[in-house]
Amino acid sequence: MKNRGFRKISIVWFPFFCFPFFLLGMLVTNRIWSVPESNGQVISRHRHEQELQIVSEDNPIKMPAEKRDMMTEVYRTNEAIKSLDKKITMLNMDLVEARNSREVHSSENYTPSVESSVQDNLPKKKMLMVIGINTAFSSRRRRDSVRETWMPRGEKLFQLEREKGIVVRFMIGHSATSNSILDRAIDSEDSLHKDFLRLEHIEGYHELSAKTKAFFSTAVSIWDADFYVKIDDDVHVNLGMLATTLAYHRSKPRVYIGCMKSGPVLSSKAVKYHEPEFWKFGEEGNKYFRHATGQIYAISKDLANYIANNQLILHKYANEDVSLGAWLIGLEVEHIDDRNMCCGTPPDCEWKAQAGNMCVASFDWSCSGICKSVERIKNVHEKCGEGSAAVWSALI
């Protein structure tokens, strides 16, 4: 009877004994079952608590609850900004890649005025070389002097393309002001001569490196040539000799041809060819790496395509010829030093012509071109020119 009574009481009163212990456990632990935090949430919360602790330690006055809440909101805002920054960075990278692809391959902005819209959809014709004559808005008289001497005009210019695969254009960008009087003057001149290649570039003397990249990028998007040549508009050129010289190196994959030099790096701001980044070239008094002088040089197709495809990340130095040398110095490139591409004006080029060693190009080193070229280039052409028939009979 006693055992049976005790067992009956324990069964009836068991829930009443358990419930108080359950409430006691809740009060002691001060928590109810909750979803565990992820590792990221735990780390983030811990970092936030550490930051609040640092702020509290720096300030001997205890931070009020309102300020702690404000710090919490600031922290959460900063985390959101960091997340947005990462997304914006990724979008910018995608934008740069898309822009690079558009600039290199699009022909809408790079089509010269002499090319018809019908030709844009046709395969690019194979050429021996594309020559870009660097010129400026103020150089109308120089351009006319070139047209009157070594550069074919009118129908002869396009016949040279069809029969010999030689393209010759004056290359120029745009002024800083849209549709300015300078741009309209070039448009008018181009409608008369049809010998310009307009670049997506803002003209300026200190932007020659950017203009060089724009020329190569534009030229390779229009013509498929073995060589791309840059020439200044105050240099005399024998087109037949230039074509013969380049044709000799046609079978080589990557060539860089010109009069190679290695001048001093000029750190003084008082000189014309001052190099603001002189410190990159070592100790004061050091010389540049070997590169072609800027009056005339040629690069093969692979190198022009390399510049076009990487133009956004190629560094520009103050001097255009140094920039080109820097872009190519780390590549598997054959540097060809051809001194016939930098003859002097008469009597130098005249003596060489009389000896049967016709020059490719002539200019005055002292002027970085023919001194007073508008007045003197005709005389240079008469004494050092190869004759108008030479380019048509050149074996290329």
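**Disulfides and helix contacts, reasoned step by step**

Student: Why is the disulfide of Cys-343 and Cys-359 called left-handed?

Tutor: The torsion about its S-S bond is about -90 degrees, so this disulfide is left-handed. Please keep in mind that the model is a predicted one.

Student: What makes Cys-343 and Cys-359 a disulfide?

Tutor: Their sulfur atoms are 2.1 Å apart. A disulfide requires a pair of cysteine sulfur atoms within 2.5 Å, so the pair of Cys-343 and Cys-359 qualifies.

Student: Where in the chain do these two cysteines lie?

Tutor: Cys-343 is in the loop between E8 and H11, and Cys-359 is in the loop between H11 and strand E9 (361–362). The two are 16 residues apart, and the pair links distant parts of the chain. Both Cys-343 and Cys-359 are buried.

Student: How many disulfides does the rule give?

Tutor: The count comes to four. With bonded cysteines counted along the chain, the pattern is 1-2, 3-5, 4-8, 6-7.

Student: What is the handedness of the disulfide of Cys-259 and Cys-342?

Tutor: The sulfur atoms of Cys-259 and Cys-342 are joined at 2.0 Å. The torsion about their S-S bond is about -95 degrees, so this disulfide is left-handed. Cys-259 belongs to strand E6 (residues 255–261), while Cys-342 sits in the loop between strand E8 (334–337) and helix H11 (348–354), so the bond ties together parts that are 83 residues apart in sequence. Both Cys-259 and Cys-342 are buried.

Student: Why is the disulfide of Cys-367 and Cys-371 called right-handed?

Tutor: Its torsion about the S-S bond is about 100 degrees, so the disulfide is right-handed. The sulfur atoms of Cys-367 and Cys-371 are 1.9 Å apart.

Student: Is Cys-367 to be called buried, partly exposed or exposed, and why?

Tutor: Its relative accessibility is 36%. Buried means under 20% and exposed means over 50%, so Cys-367 counts as partly exposed.

Student: Why are helices H4 and H6 called roughly parallel?

Tutor: The axes of H4 (residues 140–147) and H6 (residues 181–193) cross at roughly 10 degrees and come within 13 Å. Angles under 35 degrees count as roughly parallel, and H4 and H6 are therefore roughly parallel to each other.

Student: Which residues of H4 and H6 meet?

Tutor: Arg-140, Arg-143, Asp-144 and Arg-147 of H4 meet Ile-186, Glu-189, Leu-192 and His-193 of H6. By class, this contact has five charged residues, two nonpolar and one polar.

Student: How is H4 oriented relative to helix H12?

Tutor: The axes of H4 and H12 (residues 373–384) come within 9 Å and cross at roughly 10 degrees. That angle makes H4 roughly parallel to H12. In this contact, H4 contributes Arg-141, Arg-142, Ser-145 and Val-146, and H12 contributes Ser-373, Val-374, Glu-375 and Ile-377. The residues of the contact of H4 with H12 divide into three nonpolar, two polar and three charged.

Student: What makes helix H7 mostly covered?

Tutor: Of its 15 residues, 14 are buried.

Student: How does the reach of H7 compare with the expected span?

Tutor: H7 (residues 208–222) reaches 21 Å from its first C-alpha to its last, close to the 21 Å expected at 1.5 Å a residue.

Student: How many helices and strands does the protein have, and what share of its residues count as buried?

Tutor: There are 13 helices and nine strands. Of the 396 residues, 40% count as buried.

Key. Residues are numbered from 1 along each chain as its sequence is written. This is a predicted model: local features need pLDDT of at least 70, side-chain atom pairs count only at pLDDT 80 or more; totals for chains, interfaces and linings use all residues. Side-chain values use heavy atoms; hydrogens and water are left out. Axes are lines fitted to C-alpha atoms, for helices over the stretch in contact, and angles run from 0 to 180 degrees between N-to-C directions. Helices (H or I, at least four residues) and strands (E, at least two) are DSSP runs, numbered from the N terminus. Angles under 35 degrees count as roughly parallel, over 145 as roughly antiparallel, 65 to 115 as roughly perpendicular and the rest as oblique. Contact means heavy atoms within 4.5 Å. Ala, Val, Leu, Ile, Met, Phe, Trp, Tyr, Cys and Pro count as nonpolar, Asp, Glu, Lys and Arg as charged, and the others, Gly among them, as polar. Buried means under 20% relative accessible area, exposed over 50%, partly exposed in between (1.4 Å probe, protein chains only). The expected span of a helix is 1.5 Å times one less than its number of residues.
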